[in-house]
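Please open the model in your viewer and keep the sequence panel beside it.

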Amino acid sequence: MSLSSDINIWISALLVLAVFSILYRDNFIYRIAESIFIGVSAGYFFCLWYFSVIKPAFEDAIAGQWHLLVPVFTGVLILILRKGKLSEILRIPASFLAGLFASLTIIIYFRAYVFEMISASIFPLVVLTDEGKINWTSTVNALVSITGTASVLIFFVARKYPDVKMIRGYAEAGRFYLLVAIGTSFGYTLFSRILLFAGRFDFLISQWLGIGFW
Amino acid sequence: MDEKRKTKMEVTEWYLKISLIILVFATIVASPSFSVDPGNEEKAFFNVVDQMDEGSKVLIAVNYGPTARYEMDGSLHLILRELLSRNISVVLFTLTELGVETISLGMREGLSGQSLGKRRAVYGRNYVNLGFIGGGTLGAGIISKSISSARTKDVFENELETIPIMNGISSFNDFSAFIEISSMKIDGTPGAVILNTLSKEKKMPVIAVVTSDMVAEYIPFKDSGQIDILVAGSKRMAGLESAFSVEGISTSRYSIASILLIFVIFIIILSNTVFFAGKRSEFKQ
C-alpha cells in the first residue's frame with residue numbers, strides 16, 4: 001500500500017468520498033461536493049462551447065464570412081428580448097432553430113426509425129438453409145420477431161376496443177413482450193451502474209490508496 | 001410500521017450496505033478475470049481490422065464521458081493500439097462535449113508505455129484529434145460532402161489542410177471504416193446511424209461499440225442493417241479483447257462487475273423474500 005502523493009488524486013478521492021457520504025444521510029459535505037460538481041461542469045461546458053463553436057465562428061466572420069454573424073445576432077435576440085414590446089421578434093430565431101432542427105431530424109428519423117425499421121421487419125417466416133432444409137433458429141427468431149412487432153402494435157390500440165376478445169388477447173401478448181424488453185433494458189442498465197460504482201472504488205483502492213492487485 | 005420493526009429494517013439495511021462495500025473492495029483487490037470467447041460480432045470486427053491495408057485511415061467517434069470511462073476505456077485503448085500498431089491512421093472526434101477530455105485521456109493512458117511494434121504514434125501523422133463536433137454540424141458536413149463544413153481546425157487550432165494525416169480526406173466517406181465508441185445517443189439517434197443515414201454513397205463499414213445500458217437501444221439499428229458490426233455491452237467488449245488475443249482491462253472489469261451483479265441479484269431476492277415473509281406473518285397475526 002502506498003498512498004498517492006498527487007494532489008489531483010487526493011482532491012478527486014476526497015470528492016468521491018464526499019459524494020459517497022450520501023449513503024449515510026444527506027449532509028453538508030455532500031452538498032459542497034454537489035455544488036462543486038455543478039460549478040465545474042458549467043465552467044467546463046462554457047469553455048468548451050466558447051473555444052469550439054463561438055470563437056472559431058467569430059474568427060471566420062472577421063476573416064470575411066460575414067454571414068456567420070446572422071445566427072450570432074439571432075442568438076443574441078433570444079437572450080435579450082424575453083420581455084417587452086419587441087419580444088415578438090423572438091419568433092424569428094425560434095422558428096429558424098425549429099425549422100433547421102426539423103429539416104435535419106426528419107431525414108434522419110424517417111429513414112433510420114421508419115423506413116429502415118419497416119424494411120428490416122419484412123422477411124420470410126420460414127427460413128431455409130442452402131440445402132433446402134428449415135433453419136429452425138432463424139425461423140423461430142422470425143416468428144418471435146413478427147409476433148412481438150404485431151402484438152405490441154395491437155397493445156397500443158387495444159384501449160379503443162376493450163370489448164373485442166381477440167384484440168385483448170393480442171394486447172396481453174404485447175404487454176408481455178414490452179415487459180420483457182423493459183426488464184432486459186433494466187438489467188443492462190443495472191450492470192452499467194454497477195460498473196460505474198466499481199470504477200470509483202477501483203480509483204480509491206488502486207490510485208489513491210495504492211493497493212496493488214495480486 | 002411499529003418502532004421495533006423499523007429499527008430492525010434499518011439495521012438490516014446497514015448490514016447490506018456494509019457487506020456490499022466489503023464485497024466491492026474484496027472483488028476489486030482480488031481482480032478476478034474470466035475469459036470470454038469472442039462472438040460473431042467481435043470476430044467480424046477483428047476481420048475488418050485485420051484486412052485493412054497499411055496506411056488506411058479510420059474515423060473514430062468517442063461519444064462518452066467520465067461516467068462510462070470505467071466500462072469503455074478498455075475498448076478505446078485496445079482499438080487505438082491495434083490500429084496504430086498496424087500502421088493504420090486514426091482520426092478522432094466526439095459528438096458530445098464530454099468526449100473531448102475522454103479522447104485526450106484515452107490517447108495518453110491507452111498509448112503510455114505501450115510499444116506499437118517498432119514505431120511510436122506521432123500526432124498529425126498517425127492520429128489526430130478533431131475535438132467536439134455538434135450533431136447538426138456533423139449532419140451539415142456529411143450532406144455537403146465536405147469535412148471542412150464541419151471542422152476546419154483540430155483541437156489544437158491547427159488548420160486541417162496542414163496536417164499530414166488529412167491529405168486525401170475531403171469528406172466523411174473517405175475513410176476505410178467508421179467506429180463509434182459510445183454511451184449515448186446524439187439527439188435521440190446513434191452517431192453511427194447519423195453518418196450512415198446522411199451519407200448517400202456508403203462504402204465503409206460502420207462499427208459501434210456501446211455500453212451495457214445502450215445495448216437495447218442499438219440492437220434495432222444493427223438488426224435493420226444500419227450498423228454493420230455491433231459490440232454491445234461489457235461482456236462483448238471482453239470478447240473483443242479475446243478476439244485480438246489480449247487480456248486487458250475490459251476483461252477484468254467485466255469479471256468484477258459480474259460478481260457484483262450476482263451479489264446485487266442475491267440481495268434483491270433476499271430482501272423481497274424477507275419483505276413478503278414479514279407481510280405474511282403480519283397477516284397471520
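How many of the six residues of E3(B) are buried? Six of the six are, so strand E3 of chain B is largely enclosed by the rest of the structure. Here "buried" means under 20% relative accessible area, "exposed" means over 50%, and "partly exposed" lies in between, calculated with a 1.4 Å probe on protein chains only.

This is a predicted model, in which local features need pLDDT of at least 70, side-chain atom pairs count only at pLDDT 80 or more, and totals for chains, interfaces and linings use all residues. Residues are numbered from 1 along each chain as its sequence is written, chains are lettered from A and ligands numbered from 1 in the order in which they are written, and side-chain values use heavy atoms, with hydrogens and water left out.

**Stop 1: chain B as a whole**

Select chain B, which has nine helices and six strands. Helices (H or I, at least four residues) and strands (E, at least two) are DSSP runs, numbered from the N terminus. The C-alpha trace of chain B spans about 80 × 40 × 35 Å along its principal axes. Of the 285 residues of chain B, 53% count as buried.

**Stop 2: the sheet**

Now display the strands of chain B. Six of them form an open sheet in the order E3-E2-E1-E4-E5-E6, with parallel pairing. Two strands pair if DSSP finds at least two bridges between them. At the edges stand strand E3 (127-132) and strand E6 (229-232) of chain B; each has a single partner strand, so one side of each is left without a neighbour in the sheet. From one strand to the next, the twist averages 15 degrees. Axes are lines fitted to C-alpha atoms, for helices over the stretch in contact, and angles run from 0 to 180 degrees between N-to-C directions.

Select residues 57-63 and 89-94 of chain B, which are strands E1 and E2; five bridges join these parallel strands. Within this pair, B:Ala61 has B:Phe93 in E2(B) as its bridge partner.

Four bridges join E2(B) to E3(B), and the two run parallel. B:Val90 stands opposite B:Tyr127 in E3(B).

**Stop 3: B:Thr102**

Which helix of chain B holds B:Thr102? The residue is in helix H4 of chain B. B:Thr102 counts as buried, at 2% relative accessibility. A polar atom of the B:Thr102 side chain lies 3.1 Å from the backbone oxygen of B:Leu98. Leaving aside neighbours within four places in sequence, B:Thr102 is in contact (heavy atoms within 4.5 Å) with B:Val62, B:Tyr64, B:Gly65 and B:Leu76.

**Stop 4: B:Asn87**

Select B:Asn87, in the loop between H3 and E2 of chain B. Phi of B:Asn87 is near 60 degrees, a positive value in a residue other than glycine. B:Asn87 counts as partly exposed, at 27% relative accessibility.

**Stop 5**

Select residues 234-243 of chain B, helix H8. H8(B) is mostly covered, with seven of its 10 residues buried. Among them are B:Met237, B:Leu240 and B:Glu241. The buried residues of H8(B) pack against helix H6 (165-208) of chain A together with helix H2 (40-51), H3, E5, E6 and H9 of chain B.

H8(B) and H9(B) pack at an angle of about 145 degrees, and their axes are 8 Å apart. The residues making this contact include B:Ser234 and B:Lys235 of H8(B) and B:Ile249 and B:Tyr254 of H9(B).

Finish at B:Ser245, in the loop between H8 and H9 of chain B. B:Ser245 is not a glycine, yet has a positive phi of about 55 degrees. B:Ser245 is exposed, with a relative accessible area of 68%.

Definitions and conventions. A polar contact is a pair of N or O atoms within 3.5 Å; within protein, one must be able to donate a hydrogen and the other to accept it, and residues adjacent in sequence count only if both atoms are side-chain atoms.
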